[in-house]
Amino acid sequence: MYWYFSLLTWLREEKQSRRLILLIVFIALLLDNMLLTVVVPIIPSYLYSVDDEAAQSVRNHSMSPLSPSGTFQSIVSLYDNTTRLTGFSPQMSTAGPMTPAPTSVMPSQNKSDCPKADDQLLNENVKVGLLFASKATVQLITNPFIGPLTNRIGYQIPMFAGFCIMFVSTIMFAFSSSYTLLFLARSLQGVGSSCSSVAGMGMLASVYTDDEERGNAIGIALGGLAMGVLVGPPFGSVMYEFVGKTAPFLILAVLAVLDGGEFINLCSLSSICFANMAIAMLEPALPIWMMETMCPRTWQLGAAFLPASISYLIGTNIFAVLAHKMGRWLCSLIGMLLVGISILCVPLAKDIYGLIVPNFGVGFAIGMVDSSMMPIMGYLVDLRHVSVYGSVYAIADVAFCMGFAIGPSAGGAIAKSIGFPWLMTIIGVIDILFAPLCFFLRNPPANEEKMVRPHNTALSNENPIKSNFNMFY
């Protein structure tokens, strides 16, 4: 773990450097274009297999014992319990004695793995083409709105939104099994791509003011775009062949989360978002899982959340005071770890009583995170910008709402596809992996102007509303 914390320390020290911003934009464009091209070898093959299975099931369903000759029926011998496949002739009379045809065996067929060049395969061209085009179409519509938005509120909020939307889109690609959901995931990617690309390029142009340096920086960032286009197709085809459809998208989703966490001040927003996303995923999925595995009474479905509610109240009151003494960054780090561990323990419960400790841990840990992150938001304003806090806590509430918006929607789809235990595993591992990034908040660097100028001078020279929106830069 030494190298990992060394990397985190290096990132913290380089936060004020333009190179870190360049790295973040590079990775954002890399991931966006990997997701753009990783579907190229996966989607055509996957959609054809789904449609072929559907067509095959229709053909099998249409076959019956009363069909013309060539149909078969299984006959079970009561003598030796063997099963034989017997053919029937349509000319057999129902009134006369049944004379079975000679026993036959299904002929073995050497089916090729290659799909047949039929109308079904040709029709995939239209479906795949429309799905691939949906991303660029949505991005074309979204771009004119994202540009003016970045001029009003800065580049950091759209950048953060782009990472979140990219994460949701990637998760939908991983677990969607219908053309409609895949189309929706591809369209949603267009919104995320618009946010990350427009905000990323604008961010680079704003920090590299020299024309030559700006050209070099943008060239390096576009290298991430080119690398994503280059790596995406072979990465997708290899992972799809040997691991499965879900694996490449889950890897990209994790990378998107880690890249978004590289913003030192977005760590506070991300901590709020991901910690509350855990309980947001529990709310719709836990009662259904309890009905599947525990056969609970109706009142127990709501009572299962009571430990989380009580422990959240306890945690927020205890760590409102204790976090200042032990360090709010450390309190948040421990809270994120505890959230992840508690969530991982939820599927281990065999009855409602087994849910008491994990749910208590989830609520208590979220209380630790919230009571630590909210004061940090205000501290960062005091440290870097004007002490006007309304817009800052509005942004914090956006992170909170994003957790409760993404959690239930994505959690329901994941639970349906791979089950409740895997859903808890995914969000638990994400919280645990994100926890060390709270180390960035140990000693956040101050704005250079705030370090040089007195506070009252800063008040006279900064726009308070725009300053607070730009605190995450």
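**Briefing on side-chain contacts and helix packing**

C345 is partly exposed, with a relative accessible area of 31%; buried means under 20% relative accessible area, exposed over 50%, and partly exposed in between (1.4 Å probe, protein chains only). This is a predicted model, in which local features need pLDDT of at least 70 and side-chain atom pairs count only at pLDDT 80 or more, while totals for chains, interfaces and linings use all residues. Residues are numbered from 1 along each chain as its sequence is written, and side-chain values use heavy atoms, with hydrogens and water left out.

**Cysteines**

- The structure has 0 disulfides, a disulfide being a pair of cysteine sulfur atoms within 2.5 Å.
- C195 is buried, at 6% relative accessibility.
- The closest cysteine sulfur to that of C195 belongs to C164 and is 10.0 Å away, too far for a bond.

**Aromatic pairs**

- There are 9 aromatic pairs in the structure; rings of Phe, Tyr and Trp (its six-membered ring) pair if their centres lie within 6.5 Å, and planes under 30 degrees apart count as stacked, over 60 as edge-to-face and the rest as tilted.
- F173 and F249 form a stacked pair, because their ring centres are 5.3 Å apart and their planes lie at 10°.
- F173 belongs to helix α4 (residues 156–175) and F249 to helix α7 (residues 246–260), so this pair ties together parts 76 residues apart in sequence; helices here are DSSP runs (H or I, at least four residues), numbered from the N terminus.
- Both F173 and F249 are buried.
- F360 and F364 are also stacked, since their ring centres are 6.3 Å apart and their planes at 10°.
- Helix α12 (residues 356–384) holds both F360 and F364, which are 4 residues apart, about one turn of the helix.
- F360 is partly exposed at 36% relative accessible area, whereas F364 is buried at 18%.
- F167, F274 and F434 are linked into a cluster by ring pairs.

**Charges over rings**

- K127 lies over the face of Y179, 5.1 Å from the ring centre; the criterion is NZ of Lys or CZ of Arg within 6 Å of the ring centre and within 35 degrees of the ring normal.
- The ring of Y46 has the charged end of K245 over it, 5.0 Å from its centre.

**Helix packing**

- Helix α11 (residues 328–345) packs against helix α14 (residues 420–434) at an angle of about 160°, with the axes 8 Å apart; axes are lines fitted to C-alpha atoms over the stretch in contact, and angles run from 0 to 180 degrees between N-to-C directions.
- α11 and α14 are therefore roughly antiparallel, a term for angles over 145 degrees.

Notes. Helices (H or I, at least four residues) and strands (E, at least two) are DSSP runs, numbered from the N terminus. Angles under 35 degrees count as roughly parallel, over 145 as roughly antiparallel, 65 to 115 as roughly perpendicular and the rest as oblique.
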